[in-house]
Amino acid sequence: ALDLEMIRWSAKLGALEALERGTTAIVDHHASPKAIEGSLAVIADACREVGARIATCYEVTDRHGLEGAKAGLAENERHLKSLDLQGPRYVGAHACFTLSDETLDAVCSLASELDAGVHIHVAEGPEDVEAGRRLESRSRGSWLLAHAVHLGLVDFMAENVAVRAWRSPDELRAGLTSETIKFQDGQDAHK
């Protein structure tokens with residue numbers, strides 16, 4: 001299990017490797033169940049030290065019990081309240097099959113309260129087949145659905161899902177989107 005010092009070095013190394021390859025902005029979905037409190041600030045500081053921008057969140061899950069889920073929610077809240085962000089803001093959530101309805105509702109409530117999106121793993125495999133039904137009434141356009149390798153399982157969420165594409169790093173830095181690709185009627189992305 002990672003401690004805060006290992007998290008710092010891991011984030012710093014990852015950010016340096018990203019910068020070496022031309023990536024200046026990182027979206028991170030972090031989990032460190034033995035070092036939750038303060039982990040997002042450590043990651044943000046490590047990335048800032050090397051010159052990378054980051055939108056990070058803590059992965060809330062029930063896999064580590066109710067106390068672990070509460071600690072994950074508290075870390076997301078503390079981090080988002082401490083930031084003066086102009087970029088994307090997320091509350092993190094692991095895959096739906098690892099979240100009770102109560103925890104998923106708490107994630108959604110926190111995101112709404114803090115005017116943030118939700119970065120959630122969706123449809124990673126057959127065990128997450130119910131994700132679409134559970135997220136259908138909860139999802140918003142500000143959400144980031146990660147992985148989604150079985151996206152066909154969540155087709156009826158299509159009207160709430162958008163993928164943003166940038167033509168250049170300058171557009172990304174300026175926050176300009178060149179196109180929004182919407183998923184419609186369960187089909188592949190259309191421009």
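Good morning. Arg 8 forms a salt bridge with Glu 49, with 3.6 Å between the closest N and O atoms; a salt bridge here is a side-chain nitrogen of Lys or Arg within 4 Å of a carboxyl oxygen of Asp or Glu. Because Arg 8 sits in helix α1 (residues 4–20) and Glu 49 in helix α2 (residues 39–50), the pair ties together parts 41 residues apart in sequence. Ten salt bridges are found in the whole structure.

A note on method. This is a predicted model, in which local features need pLDDT of at least 70 and side-chain atom pairs count only at pLDDT 80 or more, while totals for chains, interfaces and linings use all residues. Residues are numbered from 1 along each chain as its sequence is written, and side-chain values use heavy atoms, with hydrogens and water left out.

I turn to helix packing. Helix α3 (residues 65–81) and helix α4 (residues 101–113) pack at about 10°, their axes 11 Å apart; helices are DSSP runs of H or I, at least four residues, and strands are runs of E, at least two, numbered from the N terminus. Axes are lines fitted to C-alpha atoms, for helices over the stretch in contact, and angles run from 0 to 180 degrees between N-to-C directions. The angle therefore makes α3 roughly parallel to α4, a term for angles under 35 degrees. Among the residues of α3 that meet α4 are Leu 73 and Lys 81, where contact means heavy atoms within 4.5 Å.

Finally, which strand and which helix each supply at least two residues of the lining of the largest cavity? They are β2 (53–60) and α3.

Notes. Parallel < 35°, antiparallel > 145°, perpendicular 65-115°, else oblique.
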